[in-house]
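Open the model in your viewer and keep the selection tool at hand.

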Amino acid sequence: MPPISTSAPGVRQAAFRFRCISCGDLSDTARQDFRCVQCSDLLEITYPRWKEASPDPVELKSTWRNRRLSHHAIDLSGVWRFRDLLPAIEMDEQAITLREGNTPLYELPQCARITGVPRLFAKHQGLNPTGSFKDAGMTVAATFARLAGFRWVACASTGNTSASMAAYAARGGMRSLVLVPEGKISWSKLSQALDYGAVTCQLRTDFDGCLRLLQELVLRAPVYQLNSINPFRLEGQKTLALELLEQLDWQPPDHIIVPGGNLGNSSAIGKALLEMRDLGLISHLSKLSVIQAEGANALVRTLREAAGKRLISVQAETRATAIRIGNPASWKKAVHVLEATGGACEEVTEVEIAQAKAEIGAEGIGCEPASAVSLAGLTKLLKREFVKQDESVVLVLTGSLLKDPDFTMDFHRGDLFKGTADEAASARLNALRRPPIVLDATLDAVIRTLEQAEK
Ligand code: F0G
């Protein structure tokens, strides 16, 4: 089957262009693998018109505020509400939206006490329609897939991308093909893809193997690739930062801390911060820091051992399966935004991830393990004195607690680290465990349990 171009009539291509992040080559169309035709590196989206007539920041802020009073689907989306900074579509009805975005910014009073950082917040992207931050990017990329005339969309995934893609494809009347590593993603995420009608393939490889195969597939078959290599995804994910800054009255927090896997999200947030600064929406940048699991620490090693100049891949292993990625596609983009914003990169252990997840759960918020690396990372960054206690910090929580119930149950039952090298180190987490209690159905038994818990 011949490859199909990703440009199409009906899309105002002039409003944006593709630019190679390495050689700077500019183009109006992109190949299906979204790689530069000159040098094969990744593409990003740029807006040449901003140079000629930069949008007025005061007008933008007021437009975005006013749209919150509207009942149009496109305005009810917390992504398309910011469409002035996104690739343009001709008609509002073209957007495939599940009213994504609009996620809360929570204070974390207990974690603030534990860490000693009073101004500590969580931007909870797990409260998106399919339970993860992926929806913000997917609404934009799926929209452009349909505009380009594709019937099929596809992704490689550790679970959340596939859940999100399957939902948006279904809403947009497209078919979806999911490639996931067999036995390495949570049932919760897999079941979402099935329910939303995806053709779901569990491949006997890891995420990196799935992504390699997908990159070849999209050059051979007319399927549109929806991984975060797709720059439309990152444009949508920028809105996390736009919405966050709006919630903070356009006062940038000192630090934004985000988990890193394939490194699309950190790249998107960083791009948004730089664009907001350049457009005069904010006066200065927040430092954007990326946290990885110790067993999937490609970016940490790339910065530490190769000064960010070449990727050091790893054989990834972590119970935070969403970020079990050893060969992150967007590593160059992430290095760029870390350097441009002055952020740091850290790694955290499995025990630290479990502790942070339980602490966020105890706030009545909860998140999936991959999200909790942000809080675990904050503790590390405080120790290094990269973050000071009087600074303001926003943690990006990327996925819902309900995304990985097995992890949570294993933790509270005390099974998470049983028989592993971390068993001894995890003993200190016992106070955080709340295992379910099986009782005879008597009032006495329940009252005794209540009294016991009160002690
Ligand atoms: N947190 C969660 C919950 C994720 O699902 C992911 C990535 C990340 C963090 C890391 O974000 O890749 O942009 O650096 N999940 C992808 C997936 C890879 O397939 O669902 P990233």
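A cavity here is a set of points, on a 1 Å grid over the protein atoms alone, where a 1.4 Å probe fits but cannot get out. Select the ligand: the space it takes is the largest cavity. This is a predicted model, in which local features need pLDDT of at least 70 and side-chain atom pairs 80 or more, while totals for chains, interfaces and linings use all residues. Residues are numbered from 1 along each chain as its sequence is written, and side-chain values use heavy atoms, without hydrogens and water.

The shell holds 19 residues, and Ser 157, Gly 261, Asn 262, Leu 263 and Thr 398 are the closest.

Now look at individual atom pairs. A polar backbone atom of Leu 263 is 2.7 Å from a ligand oxygen. At Gly 264, a backbone N or O atom lies 3.2 Å from an oxygen atom of the ligand. On Thr 398, select the side chain: a polar atom there lies 2.7 Å from a ligand nitrogen.

Move to the loop between helix H10 (239–247) and strand E10 (255–259), and pick Trp 250. Helices (H or I, at least four residues) and strands (E, at least two) are DSSP runs, numbered from the N terminus. Phi of Trp 250 is near 65 degrees, a positive value in a residue other than glycine.

Last, select Glu 385, in the loop between helix H15 (369–383) and strand E13 (393–397). Phi of Glu 385 is also positive, near 60 degrees.

How values were computed:
Near = heavy atom within 4 Å. Polar contact = N/O pair within 3.5 Å; in protein donor to acceptor, adjacent residues only side chain to side chain. 1 Å grid on protein atoms, 1.4 Å probe; cavity = no way out; pocket = protein on both sides within 12 Å on 5 of 7 lines; lining within 4 Å. Sits in = over half its atoms within 2 Å of the grid points.
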